[in-house]
Amino acid sequence: MHHQFENKKPKTMKKLFVVLVLLVASKGFAQINTVPDSVSRKIDSVINAQMLKKHIVGASMAIVDHGKIVYAKGYGFADNRKKIKATDKTVFCIGSITKTFTAMAIMKLHEEGKIDLDKPASYYLPELKIKSIVEGGDILKIRNLLSHTSGLTDGFMNKDMCADEQDMTSIIDDLNQEEIVHKTNWKWSYSNVGYDLLGCIIERVSGMKYMDYIRKNFLQKMDMASSDFFDRPNDTTYSKGYLKDTIQTAEPFMRDVPAGALFCSAPDMANFIKTIQNKGYYGTTPVISQASISDMQTDHTDKTVIPNDQKYGYATFILPMEFKEDSLYGDAVGHAGDTYTFHATYFAFPKMDFGVVLLTNSENGHSFCNSGFVNVFRVWMKYEKGIKLHPSKPEKKIVDAAAQLSTREIAGNYSVGNEMLNFRRINDKKMLMKQGSYRFILKKQEDGNYSAALKILMVYPYPIKELAIGFDKIGGKIYTKQINTGNGSSEYIAVKDSAVILPDSWKKTAGKYKMVNSCEGNLQGVPQQITIHDNKIWLKIKFSKKEFETMSFSAIDDRYAANDGLDRQSGAIMKILPNGHIYFSGYEMEKEKK
């Protein structure tokens with residue numbers, strides 16, 4: 001099962017390529033258990049093993065089978081200082097799973113004839129003035145915001161995670177400072193700010209505050225009594241969050257409430273799974289129509305120009321489990337969520353009426369939730385359903401000979417977004433790839449892709465297992481992708497640079513900067529310095545005392561520049577303001593005097 005999920009923690013630089021805590025997790029606490037002891041012991045065993053391996057302080061899980069919660073437990077600690085144990089009723093932040101509730105609200109209003117999915121966001125929010133520089137007509141249609149295909153970037157660093165609650169609707173003013181540089185359906189690109197807009201639309205159309213609408217129409221109807229928005233530090237049923245395994249850290253206020261600020265217990269999330277598995281009814285209470293659920297669980301990324309390796313509906317990933325037995329239970333549908341300290345995942349199997357939710361409070365929780373879910377699923381299939389699962393081998397995709405690019409065509413610089421890749425031709429079947437201080441030898445394989453070997457001490461090639469590099473020409477541009485040869489998944493990571501002359505106005509921006517407007521207690525990145533080299537604008541961003549990242553920008557004109565690459569921040573705008581200051585990601589930056 002391969003997928004990438006949103007991570008709300010400050011992002012760090014990607015490469016192609018611990019501290020062990022004392023954890024009491026051998027037993028689960030406060031449980032629902034209607035399965036045989038032998039099965040519960042197996043489930044506990046795989047959860048405990050993953051908690052120890054991933055250094056997890058506390059977690060909670062629930063299993064739904066044929067409309068009933070058959071298993072729910074807590075593991076480890078909700079508060080390791082006060083030794084408060086995590087139970088099945090412990091409340092955790094579910095992060096981006098909140099988007100699923102936002103999408104359901106949009107679909108419910110659509111059912112009522114109050115929202116047209118083909119209308120642009122500005123139809124409901126006329127004060128939204130953001131423009132596209134690459135297409136005319138209606139932009140930011142509701143259905144594209146739902147499926148992350150609108151062309152918007154991920155979000156804003158300023159005001160995203162702060163010490164004080166931020167006004168959700170201020171996102172409109174920030175968006176009005178932006179320009180959209182990607183066409184609708186250009187690629188699937190995860191966007192928190194897109195879901196913020198949907199939250200604003202829900203408020204405008206319903207006449208209710210977003211949080212009140214979700215409470216009334218979903219949390220109350222599905223008996224999710226423990227669930228609500230934002231942390232409650234003095235409530236012992238709410239878990240504390242942990243960085244570096246043991247450092248208790250307060251969860252900051254998110255402005256992106258519709259994108260990731262909901263807190264839930266595992267049984268509450270299980271009630272949600274029961275509802276979507278029961279044609280939109282919680283018991284006999286109608287919550288949402290089956291037609292809306294089906295639409296949310298249908299892939300809406302099949303029309304993107306840049307091929308998307310994973311299917312996504314409306315706030316719903318649609319994923320194969322990648323076992324030979326996949327046809328017996330069908331695809332998994334669900335979502336995951338990552339905040340500053342909390343991590344969560346839920347997946348359901350409509351074909352077999354089964355689902356799992358995992359919630360945790362620790363820094364490595366993203367990996368724990370993914371591996372924990374897969375391991376619990378394997379145990380359930382084997383010991384409850386009598387189905388032993390066997391990993392499937394990915395089909396080898398052969399690049400058509402006519403579509404294969406020569407090493408001469410490929411050679412050049414490629415923008416990743418935070419660094420450059422350089423490919424130099426050695427011969428028709430071999431290239432040298434430079435990535436920062438690393439050097440790789442690429443060799444063409446029978447399938448048309450390239451194997452990669454890291455040059456140790458710049459001399460000895462060390463093969464990188466399960467990694468290949470591919471190149472495709474799409475819309476006249478050459479894109480490179482990294483391929484996981486173990487499971488067959490791939491991701492486009494960079495596009496070949498075109499020669500764009502950097503205007504003098506941007507050359508003059510080099511220097512150190514101070515922020516004019518940064519929210520108090522900001523936990524996202526803060527820009528520090530602009531440098532100019534390789535005909536690019538490079539922005540250095542500080543995330544912590546030791547954590548920095550540099551983003552590269554290409555000039556659009558003498559006033560606007562856009563972040564390079566293909567990740568979630570690609571297309572983010574930097575611009576020169578009339579007063580000479582620089583705007584980026586909600587910040588106004590003033591150059592320091594020498």
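A: In the hairpin of β19 and β20, with four residues between the strands, Asp353 takes a positive phi near 55°. Strands are DSSP runs of E with at least two residues, helices runs of H or I with at least four, numbered from the N terminus. This is a predicted model: local features need pLDDT of at least 70, side-chain atom pairs count only at pLDDT 80 or more, and totals for chains, interfaces and linings use all residues. Residues are numbered from 1 along each chain as its sequence is written, and side-chain values use heavy atoms, leaving out hydrogens and water.

Q: How many bridges between β19 and β20, and in which sense?

A: Seven, antiparallel. Thr345 stands opposite Leu358 in β20. Strands pair if DSSP finds at least two bridges between them.

Q: And what about β18 and β19?

A: Six bridges join them, also antiparallel. Val333 has Ala348 as its bridge partner. A hairpin of four residues links the two strands.

Q: Why is β19 largely enclosed?

A: Because seven of its seven residues, 343–349, are buried (under 20% relative accessible area with a 1.4 Å probe, protein chains only; exposed is over 50%, partly exposed in between).

Q: Which residues sit on each side?

A: His343, Thr345, Phe347 and Phe349 on one, Ala344, Tyr346 and Ala348 on the other.

Q: New topic. Where is Lys388, and is it buried or exposed?

A: Lys388 lies in the loop between α12 and α13. Lys388 counts as exposed, because its relative accessibility is 53%.
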